[in-house]
Amino acid sequence: MNAIPNFSDLAFPQPTRESLADDYAAIGALLDAGDLAAALAAWDGQRRAYDSWASLVHLRFSQDTTSAAAKAAREYADVLSPVATAHETTLKRRLLALPDRAALEAATGGFALRLWEMDITTFEPAIATDLEEESRLGARYTEILASAKLEIGGQVVNLSGLAPYAEDPDRAVRHQAEALRWGFFADHGAELDAIYDDLVRLRHGMARKLGFESYIPLGYRRMRRTDYDDADVARYRDEVATHVVPLVARLLERRRREQGWDVLRYWDEALVDPAGNPKPIGDHDTLCVQARTMFDRMDPRLGAFWRFMEEGGFTDLKNRPGKAGGGFCTSFPSLGAPFIFANFNGTHHDIGVFTHEMGHAFQNWESRFQPGIDYLWPTMEAAEIHSMSLEFLTHPHMGRLVGESAAERFRRMHLETSLAFLPYGVCVDHFQHEVYAKPEATPAERHAIWQRLERRYMPWTDYGDLAYPAIGGRWQAKAHIYRSPFYYIDYTLALCCALQFWVRSRQDPAGALADYVALCGRGGSAPFTGLVASAGLASPFAPGALEAVVREAEAVLAS
Ligand code: ZN
């Protein structure tokens with residue numbers, strides 16, 4: 001790999017329909033000539049170049065959703081994407097049909113073939129325009145949410161900017177923040193319902209065109225899940241309902257008593273620490289400087305990597321108007337460099353999103369010498385182990401980011417919010433299974449599904465006078481439901497693994513970190529359960545695995 005340029009100097013050639021056809025014709029000619037190694041190498045280079053270009057286009061749009069040029073570039077990429085997928089699928093089918101399977105396995109490492117066998121069932125040219133439409137609807141959702149301009153505390157903020165108010169120690173301020181948030185969703189509820197209705201029908205239609213009964217099996221295949229199915233996931237949700245929901249209810253009840261509240265309302269849930277949630281020790285620049293020392297002390301490889309990210313400009317962490325919400329990590333596989341995106345807002349979320357996205361980025365970096373592009377990222381439930389584990393592995397160094405006096409309070413808050421996340425996470429997943437099992441449901445019926453599941457997984461939820469979530473509208477704030485169907489259980493599965501790293505690091509910090517770095521280096525060379533086993537972790541699907549880590553967390557929180 002050549003020296004990596006600064007992010008601001010990055011530019012990748014823009015592919016066209018013609019250039020894609022030429023690229024794939026050249027790869028096909030190598031196969032015709034019987035040169036499998038050269039064909040695979042050429043294809044790997046082509047995919048890296050294409051993905052690097054597409055990553056940059058989508059990132060530029062997220063950095064400024066109001067830029068007409070960025071939007072036009074993203075729309076061009078959305079139209080070209082199914083064209084690239086069509087070429088890829090054709091080539092995967094041809095490779096998988098080669099008579100010398102052993103040679104193909106030897107050249108690719110084997111697991112890639114299982115991924116391709118899954119991929120080729122998720123695309124036919126007949127769904128190309130549906131995929132374009134799916135991207136367009138998803139981008140419209142992002143634009144609507146990024147357009148929020150909410151007045152609070154004498155300022156105009158977007159949805160990310162509401163966070164400090166939503167966890168303000170003053171209950172009236174928290175209430176005001178949630179009233180503004182859900183007022184925004186009420187104002188846009190009809191359009192958000194229409195977008196989702198279109199997405200569900202579109203996805204169901206694609207599934208039918210591809211020969212599936214519903215979108216559920218297609219959704220699992222698009223997530224490249226080779227080693228578990230929806231029955232395993234349903235059992236895991238039940239484990240959460242059995243072992244975590246009662247625990248979170250007890251923790252919330254304890255908080256209600258400590259605070260002397262008559263009832264715990266929805267807007268109280270974000271105030272986790274009775275003394276006020278610990279905040280970052282400073283702004284973006286301060287946190288970046290503190291992170292240098294933290295990562296240096298954890299592991300020289302982490303320290304060197306963070307310096308590379310900082311010096312190369314591979315971060316965009318400050319909130320600003322028009323920027324897409326949320327946080328994510330993307331990468332430029334032709335360079336081997338990742339990029340992290342976030343919206344710092346002065347709350348503990350800054351630390352959470354920073355350590356989380358750094359975990360993804362570090363994994364991608366450690367995996368950069370994996371033999372093929374299919375192994376640079378694992379499937380998402382495995383990828384979230386790297387991100388969520390780094391959130392926990394940084395615990396001993398948290399004094400650098402929140403101040404020594406608040407470090408222990410931060411650790412407890414993080415543990416408690418992680419446990420409280422599990423019921424919400426499985427609720428988001430269960431909702432999607434019901435939605436795609438009944439694609440003809442009306443928007444009102446979907447809101448009723450959410451309400452019913454919310455009562456199962458979060459029976460404590462009391463929206464008070466917040467009318468919109470009280471009628472089942474909360475799910476509309478979750479981008480994954482729109483943009484990344486069935487990508488949510490992944491966080492809850494990974495958390496079960498990250499908590500195991502947390503337990504291990506409390507006993508043996510150096511050993512836990514070594515195991516973590518080794519897991520990062522394995523990238524996506526194996527399926528989820530294989531990667532989990534390789535790190536000596538119990539599979540979340542194994543009976544009792546979740547209960548065991550939850551009991552550890554409960555004991556620590558009780559002390
Ligand atoms: Zn993540």
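1. The zinc ion has His356 (NE2), His360 (NE2), Glu384 (OE) and Glu384 (OE) as its protein donors, at 2.1 to 2.6 Å. Donors here are N, O and S atoms within 2.8 Å of the metal (3.2 Å for Na, K and Ca), and water is not among the atoms, so sites may look incomplete. His360 sits in helix H14 (residues 349-366) and Glu384 in helix H15 (residues 380-393), so this pair, 24 residues apart, links distant parts of the chain. Helices are DSSP runs (H or I) of at least four residues, and strands are runs (E) of at least two, numbered from the N terminus.

2. A word on what we're looking at: this is a predicted model, with local features needing pLDDT of at least 70 and side-chain atom pairs 80 or more, while totals for chains, interfaces and linings use all residues. Residues are numbered from 1 along each chain as its sequence is written, and side-chain values use heavy atoms, leaving out hydrogens and water.

3. Back at the metal, the donor residues follow the spacing H-x3-H-x23-E. His360 counts as buried because its relative accessibility is 6%, and Glu384 is buried at 0%. Buried means under 20% relative accessible area, exposed over 50%, and partly exposed in between (1.4 Å probe, protein chains only).

4. Strands S4 (residues 328-332) and S5 (residues 337-344) run antiparallel, joined by 5 bridges; strands pair if DSSP finds at least two bridges between them. Phe332 has Ala337 as its bridge partner in S5. The hairpin has 4 residues between its strands, and Gly336 in the turn has a positive phi of about 85 degrees.

5. Asp130, in helix H6 (residues 128-146), counts as buried because its relative accessibility is 12%.
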